Amino acid sequence: FENLGSPCMGCDIEGLDISPTGELFGSAGDNTDMPGALYEIDMNTGDRQMIGQPSGLEIDGISFNPMTGQLTGWAQDEGLLSINSGTGTVTIGAPSKGEIEDLTWANNGTTIYFVLNRDFSSNINPDASTDNGVGQKLLSYDSNVFQGVCDIAGEIEALEVLQDGRLLVGYHDESGQLAKVVDPETCASSVYNVPVPYTDIEGLAVCPPLYRRAGSVSSITLP
């Protein structure tokens, strides 16, 4: 693992994804002076450039549609967003009062997966608020319908799709446990305990195959 530039103090970057053409983007939550800011991040230096003006929303996660290139996000108590990656402008597409931890498009470009915030973890409906105290629920969104997929143990804050369609999840406050890989078709999972100097992974981004760099964490191979 390598640090990518200097820390972005006060940025509160909650969402992270790489576009189909290889640019890294990050989005801000609300624990910052720039809530809802969208950043393009240089993958060699870590330098950040804010795109447009901050939306003022708490953006929990972002993901590029792999087929259309459209950037999608989720804002707490607002719902599903379409985000213009060139201007930072947001449009609410599916209003909801729910809160998620992260989201990712499936490789087919028609299904979005979400990990719900623990306060909403026992209900398929993101508007319902019940905490089962066990883990979090993985949802899918397709054709304007939310559906439950799996219950995942642990406190998860990051979600990303792998090239084979499985989902990579990152944990909050778990020393040494980098990630779990979940098959959304069967809910089978594998845990990977990888020594890392961090205990609160907020976002994960896997490079599209054409833009993977040899030796980078984004090209990690998981059995």
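Trainee: Is F146 buried, partly exposed or exposed?
Mentor: F146 counts as partly exposed, because its relative accessibility is 24%. Buried means under 20% relative accessible area, exposed over 50%, and partly exposed in between, with a 1.4 Å probe and protein chains only.

Trainee: What kind of model is this?
Mentor: This is a predicted model: local features need pLDDT of at least 70, side-chain atom pairs count only at pLDDT 80 or more, and totals for chains, interfaces and linings use all residues. Residues are numbered from 1 along each chain as its sequence is written, and side-chain values use heavy atoms, with hydrogens and water left out.

Trainee: What does the chain average in pLDDT?
Mentor: The average is 81, and 79% of the residues score at least 70. pLDDT is the predictor's confidence in each residue, from 0 to 100. Over residues 121–134 the pLDDT is below 50. Residues 210–223 also stay under 50.

Trainee: Back to F146. Which residue does F146 form an aromatic pair with?
Mentor: F114. The pair is tilted, with 5.8 Å centre to centre and 50 degrees between the planes. Rings of Phe, Tyr and Trp (its six-membered ring) pair if their centres lie within 6.5 Å; planes under 30 degrees apart count as stacked, over 60 as edge-to-face and the rest as tilted.

Trainee: Where do F114 and F146 sit?
Mentor: F114 is in strand 10 and F146 in strand 12 (residues 145–153), 32 residues apart. Strands (E, at least two residues) are DSSP runs, numbered from the N terminus. F114 counts as buried, because its relative accessibility is 1%.

Trainee: Which residues form the aromatic cluster?
Mentor: W74, F114, Y141 and F146 form one cluster.

Trainee: What about Y113, buried or exposed?
Mentor: Y113 counts as buried, at 10% relative accessibility. Y113 lies in strand 10 (residues 112–116). Beyond four places in sequence, its contacts include D102, L138, V149 and P184. Contact means heavy atoms within 4.5 Å. Y113 and V149 are 36 residues apart in sequence, yet 8.8 Å apart in space, C-alpha to C-alpha.

Trainee: New topic. What is the strand order in the open sheet?
Mentor: The order is 5-6-7-8, with antiparallel pairing. Two strands pair if DSSP finds at least two bridges between them.

Trainee: Which strands stand at the edges?
Mentor: Strand 5 (59–64) and strand 8 (90–95). Each has a single partner strand, so one side of each lacks a neighbour in the sheet.

Trainee: How many bridges join strand 7 to strand 8?
Mentor: 5 bridges join them. S82 has T91 in strand 8 as its bridge partner.

Note on methods:
Helices (H or I, at least four residues) and strands (E, at least two) are DSSP runs, numbered from the N terminus.
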